[in-house]
Amino acid sequence: MPSTIVTLKLNGTERELIARPSTTLLTALRDILGLMGAKRGCAQGGCGSCTVLLDGRPVASCLIPVVTIDGSAVETIEGLAEGDRLDDVQQAFVDLYATQCGFCTPGMIMSATALLNRKPDPTRQDVTEAICGNVCRCTGYEPIIAAVLAAAQRRRDAPLTNAEAEV
């Protein structure tokens, strides 16, 4: 089959790429677009290290043929920070030592971000369910759960911006 032009809204910016039908979203992100945040782990959708948000939902990017998501919005770990300022989830992972080797961290953060976007006041159970598809072999999960809950609290405690206050 011939290659196809795929258009994505990647981290808020319209991007085009040429991909073969067998090219996964993970391969497109890393090898074509140069974004290395999503990690190539098991390549079977079982470890979560390649998790990104696809139209706001966490997905294993190693399983998604990129040609099937033309016109979709994709958010990666690279899209969360604003310049040198980490977003609340990223900062909580740093502050609460929720990373060790760091391999699972981008996927964990993206799964946590999706959870907090849909449920600003999650319970511990909500967090464990949200990250259940992400494998960490270093931290024992407790610092990760604490970081997600802390990020949720930071978001709830943050002052509203002018645009949010007007809504």
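Mentor: Happy to! Keep in mind that this is a predicted model. Let's begin with a residue pair in the sheet and work our way over to your helix. Lys9 stands opposite Glu14 in strand S2. S2 runs antiparallel to strand S1, residues 4-10, and seven bridges join the two. In general, strands of a sheet pair through backbone hydrogen bonds, either parallel or antiparallel.

Now step back to the whole sheet. Five strands form an open sheet in the order S2-S1-S5-S3-S4, and the pairing is mixed. S2 (13-19) and S4 (57-60) are at the edges with a single partner strand each, so one side of each has no neighbour in the sheet. From one strand to the next, the twist averages 40 degrees.

Helix H1, residues 25-32, touches S1, S2, strand S3 (51-54) and strand S5 (73-75), and its direction makes about 100 degrees with that of S2. The helix you asked about is H3, residues 105-118: this one touches S3, S4 and S5, with its direction at about 35 degrees to that of S3.

Let me stay with H1 for a moment. Its buried residues are Leu25, Leu26, Ala28, Leu29 and Arg30, and they pack against S1, S2, S3 and S5. Just after H1 comes Gly34, with a positive phi of about 75 degrees.

Back to H3 and the core. The largest nonpolar core has 25 residues, and those touching the most other members are Val89, Phe93, Met108, Leu116, Ile144 and Val148. Helices H2 (88-95), H3, H4 (124-130) and H5 (142-157) are the elements that give two or more residues to this core. H3 gives the most, with seven residues. A second, separate core holds 22 residues, including Leu25 and Leu26 together with Cys50 and Cys62.

Which helices does H3 meet? One of them is H5: the two pack at an angle of about 40 degrees, with their axes 11 Å apart. That angle makes H3 oblique to H5. Their crossing is right-handed. On the H3 side, the contact is made by Met108, Ala112, Thr113, Leu115, Leu116 and Asn117, while H5 brings Ile144, Val148, Ala151, Ala152 and Arg155.

H2 is another partner. H2 and H3 pack at an angle of about 130 degrees, and their axes are 9 Å apart. These two helices are therefore oblique to each other as well, and H2 passes H3 in a right-handed crossing. Here Val89, Gln90 and Phe93 of H2 meet Thr105, Met108, Ile109, Ala112, Thr113 and Leu116 of H3.

Leaving aside residues up to four places away in sequence, Phe93 touches Ala98, Thr99, Thr105, Met108, Ile109, Ile144, Ala147 and Val148.

To finish, look at Glu142, which is found in H5. Is Glu142 buried or partly exposed? Its relative accessibility is 45%, so Glu142 counts as partly exposed. The C-alpha atoms of Glu142 and Ala98 are separated by 8.1 Å, although the two residues are 44 residues apart along the chain.

Note on methods:
Residues are numbered from 1 along each chain as its sequence is written. This is a predicted model: local features need pLDDT of at least 70, side-chain atom pairs count only at pLDDT 80 or more; totals for chains, interfaces and linings use all residues. Side-chain values use heavy atoms; hydrogens and water are left out. Two strands pair if DSSP finds at least two bridges between them. Helices (H or I, at least four residues) and strands (E, at least two) are DSSP runs, numbered from the N terminus. Axes are lines fitted to C-alpha atoms, for helices over the stretch in contact, and angles run from 0 to 180 degrees between N-to-C directions. Contact means heavy atoms within 4.5 Å. A nonpolar core is a set of buried Ala, Val, Leu, Ile, Met, Phe, Trp, Tyr and Cys residues joined through side-chain atoms within 4.5 Å. Buried means under 20% relative accessible area, exposed over 50%, partly exposed in between (1.4 Å probe, protein chains only). Angles under 35 degrees count as roughly parallel, over 145 as roughly antiparallel, 65 to 115 as roughly perpendicular and the rest as oblique. A crossing is left-handed if the near helix is turned anticlockwise from the far one by less than a right angle, and right-handed if clockwise.
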